[in-house]
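Please keep the sequence and the structure in view while reading.

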Amino acid sequence: MEDLVIRDADVVDGSGADSYRADVVIDDGRIAAIVQEAAAAGCQRPKAVRELDAEGLVLSPGFIDMHAHSDLALLRDPDHSAKAAQGVTLEVLGQDGLSYAPVDDRTLDEVRRAIAGWNGPGDDVDVDWRSVGEYLDRLDRGIAVNAAYLVPQGTVRALAVGWEDRPATPRELDRMRQLVAEGLEQGAVGLSSGLTYTPGMYAENAELTELCRVVARYGGYYCPHHRSYGAGALEAYAEMLKLARDADCALHLAHATLNFGVNDGRAPELLALLDEALDTGADLTLDTYPYTPGCTTLVALLPSWAGEGGPREILRRLADDTTAERIRHDLEATGADGCHGVPVDWDTVEISGVTDPALGDFVGRTIRESSSLRGEAPWTTARRLLLDDGLGPTILQHVGHEENVRAIMRHRVHTGGSDGILHGAKPHPRAYGTFPHYLGHYVRELGVLSLEECVAHLTGRPAARLRLPDRGLIREGYRADLVLFDPRTVAAGSTYATPRTLPTGIPHVLIDGRFVIENGRRTDTLAGRAIRRTPL
């Protein structure tokens, strides 16, 4: 007898097709049978060891978070309800060109410091791996949800070249090609870049193109956080489209937003650029989060020259009054490349997390608010925070535009990605709320997308990008990575005031047919594993 039958569910299968009513049978971690309208037709209904009444609930494939920063969180926190409770059954890690594999001892220490604002200092996690394959093996010991991995180009450059702002030598480029190839052979699904983060941003396009040619040979995709989301954003998108075309590589645009005042209302221009590329044969997708503010680290706003040499050199420059004044001028007057070419507006930069609890009073306030309370200039406050917290502060940057968010999420190659940073006392609510916020706010309340369209954006379409042969759709024989939610009540509980509140209206989540959320509560099941690249 089969393991489980889900009775009378409204099936939204991830393809974008109309929903239908069915009993869905699960056996040995897979969908064994789908019996449509069994009760109405008077058919013999399937039986199983366990039956779950899904009357009034939608059954969909598990949601795929195409842009996650849970690289250490999955190991640190086995519960991981931040994602599991949203119905996320797969996260894509290794984003924005910086993560923890491949590394050596030197690079690991540098990367830990560089992205402490994303994942905490990281010294509470036993990093017993050095290669991509070893990291994936560590995930295979059991995690809350499944995880795929992108080889992080900035980490690869740090390992082969260092944190210097110069072209790679031929020998260094060969080493980077080798590292990317090894990561893909060991199971990575592609390559990521963070082209406003050091040291990845020091790479010229010719270097990136060579790495993307390696990715293309393995059937992976390139996922760039490109060189600007502010001034020159459209040119930066066009640059990535050309790079991918030159490398003959599939392209997935990370958190494809248009932020800052210079881009208000310009989404139609971006979408026209994407449509032109698609119409001429580009293999192209993108992801977005359904919120206006961005989230990153405070140190990421600094000009690229300030990051040369790595985190220790950044701290040395910040401690020097003359150099710190030069940094301030680039930030406030010129518009640093780390701040997307736009002069920083300290009213929009809110501290969302710090590493040192003694600095907790800064959390939840903008730099401007904290500087006013201290009776000092905003840059003095920002500089003090960076030095005292060892580059650890995380920020929300309130620079987005709602009309751009809505327009981009409607696009035919759009997928969902939370860009969720789980570290910090007051994280962005997207970390806990992205997927129910799509379903509750943008589907039910606003009607920006139909339910079937939205589910396809969050399931079938990302699974196709990842080339997953048996996930992302409700089909017989597919993995039973499934979500049951109430379309009348599903909603994000997280807000800017209470960002760690779990969602409502998602009573059940299964991975490989095993309940990770049951009756709205997290079970102790660790059903997640590493999802490796499907060979060509």
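## A residue in helix 15

A382 is found in helix 15, which covers residues 378-388, and the model in which we see this helix is a predicted one. Is A382 buried or exposed? With a relative accessibility of 0%, A382 counts as buried, because residues under 20% relative accessible area are placed in that class.

Which residues does A382 touch, once its neighbours within four places in sequence are left aside? The contacts of A382 are then with L298, W346 and I367. As for D275, which is 107 residues away from A382 along the chain, the C-alpha atoms of the two residues are 41 Å apart.

## Strands 18 and 19

Further along the numbering, strand 18 (residues 508-511) pairs with strand 19 (residues 514-518) in the antiparallel sense, and three bridges join them. In one of the bridged positions, I511 has R514 of strand 19 as its partner.

Strand 18 and strand 19 make a hairpin with two residues between them, and in this turn D512 has a positive phi of about 50 degrees.

## Strands 19 and 20

Strand 19 also runs antiparallel to strand 20 (residues 521-522), to which it is joined by two bridges. Here E518 has R521, in strand 20, as its bridge partner.

Strand 19 and strand 20 likewise form a hairpin with two residues between them, and N519, which sits in the turn, has a positive phi of about 50 degrees.

Notes: Residues are numbered from 1 along each chain as its sequence is written. This is a predicted model: local features need pLDDT of at least 70, side-chain atom pairs count only at pLDDT 80 or more; totals for chains, interfaces and linings use all residues. Side-chain values use heavy atoms; hydrogens and water are left out. Two strands pair if DSSP finds at least two bridges between them. Helices (H or I, at least four residues) and strands (E, at least two) are DSSP runs, numbered from the N terminus. Buried means under 20% relative accessible area, exposed over 50%, partly exposed in between (1.4 Å probe, protein chains only). Contact means heavy atoms within 4.5 Å.
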